[in-house]
4 protein chains.
Amino acid sequence: MKGKLRVAMIGGGPGSFIGAVHRIALRMDGHYEMVAGAFSSSHEKCLETARELGISEDRAYPSWKELVEKESVLPKDEKAQVIVITTPNHLHAEPTIAALKEGFHVVLDKPLCTSLQEAYGIKKAIENSKGLFCLTHTYTGYPMVKEAKFQVSGGTLGKVRKIYVEYPQGWLSTLLENEGHTQASWRTDPSKSGKVGAMGDIGTHAFNLVEYISDHTITEVCAQLNSVVAGRALDDDGAVLFKTAEGATGVLISTQVAAGEENNLKIRVYGENGGLCWEQKDNNTLTMMPLEAPVQLLRTGGVGTSEFSLAHHRVPPGHPEGYLEAFANLYKNFAAHIRSLENGNSVNPLLDYPGIEDGVRGMKFIEAIVKNNAGNEKYTAV
Amino acid sequence: MKGKLRVAMIGGGPGSFIGAVHRIALRMDGHYEMVAGAFSSSHEKCLETARELGISEDRAYPSWKELVEKESVLPKDEKAQVIVITTPNHLHAEPTIAALKEGFHVVLDKPLCTSLQEAYGIKKAIENSKGLFCLTHTYTGYPMVKEAKFQVSGGTLGKVRKIYVEYPQGWLSTLLENEGHTQASWRTDPSKSGKVGAMGDIGTHAFNLVEYISDHTITEVCAQLNSVVAGRALDDDGAVLFKTAEGATGVLISTQVAAGEENNLKIRVYGENGGLCWEQKDNNTLTMMPLEAPVQLLRTGGVGTSEFSLAHHRVPPGHPEGYLEAFANLYKNFAAHIRSLENGNSVNPLLDYPGIEDGVRGMKFIEAIVKNNAGNEKYTAV
Amino acid sequence: MKGKLRVAMIGGGPGSFIGAVHRIALRMDGHYEMVAGAFSSSHEKCLETARELGISEDRAYPSWKELVEKESVLPKDEKAQVIVITTPNHLHAEPTIAALKEGFHVVLDKPLCTSLQEAYGIKKAIENSKGLFCLTHTYTGYPMVKEAKFQVSGGTLGKVRKIYVEYPQGWLSTLLENEGHTQASWRTDPSKSGKVGAMGDIGTHAFNLVEYISDHTITEVCAQLNSVVAGRALDDDGAVLFKTAEGATGVLISTQVAAGEENNLKIRVYGENGGLCWEQKDNNTLTMMPLEAPVQLLRTGGVGTSEFSLAHHRVPPGHPEGYLEAFANLYKNFAAHIRSLENGNSVNPLLDYPGIEDGVRGMKFIEAIVKNNAGNEKYTAV
Amino acid sequence: MKGKLRVAMIGGGPGSFIGAVHRIALRMDGHYEMVAGAFSSSHEKCLETARELGISEDRAYPSWKELVEKESVLPKDEKAQVIVITTPNHLHAEPTIAALKEGFHVVLDKPLCTSLQEAYGIKKAIENSKGLFCLTHTYTGYPMVKEAKFQVSGGTLGKVRKIYVEYPQGWLSTLLENEGHTQASWRTDPSKSGKVGAMGDIGTHAFNLVEYISDHTITEVCAQLNSVVAGRALDDDGAVLFKTAEGATGVLISTQVAAGEENNLKIRVYGENGGLCWEQKDNNTLTMMPLEAPVQLLRTGGVGTSEFSLAHHRVPPGHPEGYLEAFANLYKNFAAHIRSLENGNSVNPLLDYPGIEDGVRGMKFIEAIVKNNAGNEKYTAV
């Protein structure tokens, strides 16, 4: 290792949940250091965050545009190498494209953007950039999610037949957005969140997890989107029946009005020869359910797990790892790819991370469910 | 108590799963004694079961018709009082109606029958009979299911918004019916099972549980029924998006091809003020999830539970009760109602049991999902 | 089967917990019918219970002595064949010996009695009787406890090294015995319970489970017995370090003042090659923990289980069985042995039940821990 | 914040488990940067680790003595401020004392050292130093452990009566130390580990957790220490009956030969009014068991938790945190105290961390159990 990768962050000012998460995740393995930021549209708040983080004030920019512009002209061994974007959805595409144009590597929080059209714009920008692009679909960073993908692709379950994914939260059970709650406000505002609310915020995670673990492509959806809490503009709840190109069917549930639920993403996949189950609440366990043998519990770092998951944990089995470690795995792998690009060395193929294809798929999913929900046809193609 | 209620059983011969379950359930609390049976269409098998059960051979009838006919003319203090019917679905309506006509009380295994038309026939027979009628939707017999109903009706959750119910089994993951498996054979045979397979076998349980606990009426369904295993005539899998008259929405999952799953019926209900979760695997716990307080675990017989659930358990908290006790609760309550009818005493209103309305609702549900699945409209009225 | 085994019960009148449990257990599989009882020292209460159970008043005896005496002279095909004794501990030895002397089979609730001397008296009576004897150490009746015994004896774990057993209850956290609580009163009264309280009530279950599953013999104990609640005469709490003849060591915990606990008996056994864990709260699961392979969950009736446990369940996997079914297994197996004795047929060797040796071991254990606790030596021989 | 605290590490070279853990923990919240190290007694290995960490070679010292000596004479704004010591136990006291003498703050891995005499030496050094001292009893860093302490001290349980703590691991079930396993080798070697093996490695954690949560002082112990695996010099297993000055009793289990177990530290505390349970496997849940109300589940960051635990988590409830976050909490709080010392500002009293008193208590515990185990008296004073 020759020094850390220099990072600038757009978004993540006071009150941001996900900005703080990104910072912990990028620190964890020592591959990055934060050198600059446009943390808030309020310059005062931006400076406040910069001070807390020990970033010099001249690199606490009043706008993302200035950040991109000024960092791009700093000396090579001083300027940011990676730009992390953690703004609300409507402010994803523009800064991402600008950063890529200047050759920065970009880490963007999900969902990719607010429309398929924007998604294609970002895709094109990536193709024309020297920078790499990572979309933080966090859940793919869990060791036991990787193990699940490994088990499915290795044929443990046989041909996949059924996929159930659910992402229940309860925090939007009341009209929090009317009480000055930062997180709630932009997520429920169509001008910032896009065409969907809960389906964009957490439904895309669930969708991504299905396609990541199964390697199936969802081709048809039948969706029910609801705005359960009176006075809310976007969906805070929904369910989707789906079919895959490879012949499986399934159900996707995404809700933020399941009062009393925290954040229990859960996925189950069943094939001809058995099933598996992973849930975030017990993220270090992957339950394998063979058709003709007792249930087995695979554990993070534990005996019987694959090189794929073993490449993504830090401590011996029984020392619980969690959400922040999963997030950090995305950053760790992204760093490996950046260094590989710099060094010309090959990168360990196990060190994957989500990118533009995941983002485009998410946008296609959203457009399909919105269309299906509005119309009266039973299934809509994705 | 003045002696036990005399029972005759139709069905439940060698190899029957549910017949044996009914017998354990009716024995458990000492309210019934088995005196007669038409256990099998093979008279030899019928006699075999009669001998095992200590039933005299002259009351081991070669056919259900003979059973009804001959028992009905026995002396009053000798003849069966209750007829239990545990035959495959296509043999539900006719013997039920015949038994009711002769004034017997009837316990019938679910689903009610194979069509809504048959259902109305049974309903009419009940209206014209002195006999009482119980349909064994077993899961309503669990103490913590009763507690869930109590909590919802008492307003703990506020207005109900979301209901998720799932009933995953894996035992039909292969073409068992081609291997001489008794249970699989009739359940997958349209001539015996009716218009649906898994949806009738377990989907109706899930449907019944939704309406029992929430007291909502499902009015619209959007269904996907699948015959996942090649060569199977009926659905072995399905999912339903639904809406209720009272303004909730939900998802119902019923599958018998979730390879590796046993029998884990699970229901979650969320309202404005919190949610609850019950699953058969841990049937003595009801998880209460208030919106603004920590999760609470109510336990069978435990502190903080209602008179309703307390009327349905037998041993102190921590001594696990299960499926057979739930089943026995149906029989126990049915006995209380029969004796009340005999004595003219009133019956404790907590001692409920499922009946014809549950059965009719189940048939309506099946007809609606079959229609919806076949057509292209998004929602079909139930 | 030629008719049911006729049963008379001593004890089990109004307010008895364990009497009701015995009655459910003996009904469940249809092998017994209750024909007589001396349910209470109050004849009025005895008659009350008899009426509830549909037992004729002339066989509702005012005392256990009269029961034994009068039943023994009834005609052979009318008199009780089995006498079930569910009185407090101080009333175990005398009626048991009297019943055995008359050739009755006896089912006795644990613990065997109140001293080792009494235990030897019962043992001698058994040796001189034509009657069989069953001591209801319920927990050995659980299918997954039997599976655990099978796995250990079959060598799955290798040589056993460590055994941890714990039996925490919380119901005696206050001085219930001063509030007229029937169960609490006699259990905490040395004149009825014997030399120990909690150690006799539940500690002997834990001790029995250790020796049953491991087939080890506990030979040395170092005990701490406490009367935690002020004003209580007997131990309501205790812990024991132990060593076995076969070279293992372990810890036994038995407490009735673990406030908030229900009844969560749990045992773990570790050998050279792996461990296992069973707990009553999730009684249908046996967790197998191999040293060099993932954890496996064996399930009641499930794939990968042995003939031994499969001989002790009633419904397919995923239909939870519990405490009453475990209890009923003792009765079922005892019936098989009685019939075998009558018929001269051999009995399936898998159908075991606890007997006098378990009882004598329990008394030896109690005498050893009481001695150790009173003195200052570190270990005392059992 | 004015820049990060500069850290030098002693130990933690290639193959070290705990060195890597310390580094992740100190990075996580951005309060520290690693500037120097004496990572290994092999200078080559030291340089290898330095290179991986991006530390300049001139600060990769060949010995801890040189590190202390040379860092102490560097310019004030360049030299290390904190020295982290992660060497085997026999190399704890000397470098700690030397570092403190030079005024460095010290973070030392547990157990404190290898004898009570050494412990007093360290204590004296702390008293004479301007440096602060942290002993990494990691488990006190878990939010729900802090919540447990809060609940006990606030009286939720009433007077504490019973404490059960257990720390089962299985990784030393074979003679790993003979197979060149780094972790196993020094831990089982009396010249490096001290008078005890498992009791020092994990038993002291368990002991510390008891006293931390309950605020009781263990005053008497009755211990059984075993070397279960043939050929092992130190205990790999043990159990302790204990009494506290405040009138509670309990059991402590510590084993590394529970084959199949990972690392499941678990503690239960029961008082007059209820109990609580925390286990590392499900570290984000604290189970509260009131005597007269349903069980409640308190969750990291969740509703109903105290300021104390809320000060020690990073992400919303349902985003699992784990071992590394608990470890990082120690570093975070230690940083707050160091900055407070520098600034003269007061520190939030909730930001506690374990120190010398914990270490001295641990050594007293070890000396008492070793003495008790060797002799024949039942209880030994701590």
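Two strands pair if DSSP finds at least two bridges between them, and strands themselves are DSSP runs of E of at least two residues, just as helices are runs of H or I of at least four, both numbered from the N terminus. The model examined here is predicted: local features need pLDDT of at least 70, side-chain atom pairs count only at pLDDT 80 or more, and totals for chains, interfaces and linings use all residues. Residues are numbered from 1 along each chain as its sequence is written, while chains are lettered from A and ligands numbered from 1 in the order in which they are written.

With these terms, a hairpin in chain C can be described. Strands β8(C) and β9(C) form it with 4 residues between them, and C:G247 in the turn has a positive phi of about 100°. The two strands, of which β9 of chain C spans residues 249-255, are antiparallel and share 7 bridges; within this pairing, C:F242 has C:G250 as its bridge partner in β9(C). Strand β7 of chain C (residues 218-226) also runs antiparallel to β8(C), joined by 8 bridges, and the partner of C:C222 in β8(C) is C:L241.

A residue is called buried if 20 or more other C-beta atoms lie within 10 Å of its own, exposed if 12 or fewer, and partly exposed in between, with C-beta atoms placed from the backbone. By this criterion, 8 of the 8 residues of β8 of chain C (residues 237-244) are buried. In a regular strand the side chains alternate between the two faces of the sheet. In β8(C), C:D237, C:A239, C:L241 and C:K243 point one way, C:G238, C:V240, C:F242 and C:T244 point the other way, and all are buried.

Helix α3 of chain B (residues 64-72) has B:W64, B:L67, B:V68 and B:E71 as its buried residues. Seen down the axis of α3(B), these fall within an arc of 95° (taken over the directions from the helix axis to the C-beta atoms), so they line one face of the helix. An α-helix has 3.6 residues a turn, so residues three or four places apart point the same way. The cover over the buried residues of α3(B) includes β1 (5-10), β2 (32-38) and α4 (93-101) of chain B.

The chains also meet one another. Two residues are in contact if their C-beta atoms, placed from the backbone, lie within 7 Å. Between chains A and B, the contact takes 34 residues from each of the two. On the side of chain A that touches chain B, β9(A) gives the most, with 4 residues.

Between chains C and B, 30 residues of chain C are in contact with 30 residues of chain B. Helices α1 (17-28), α2 (43-53) and α11 (323-343) of chain C each supply at least two residues of the side that touches chain B, and α1(C) provides the largest share, 5 residues.
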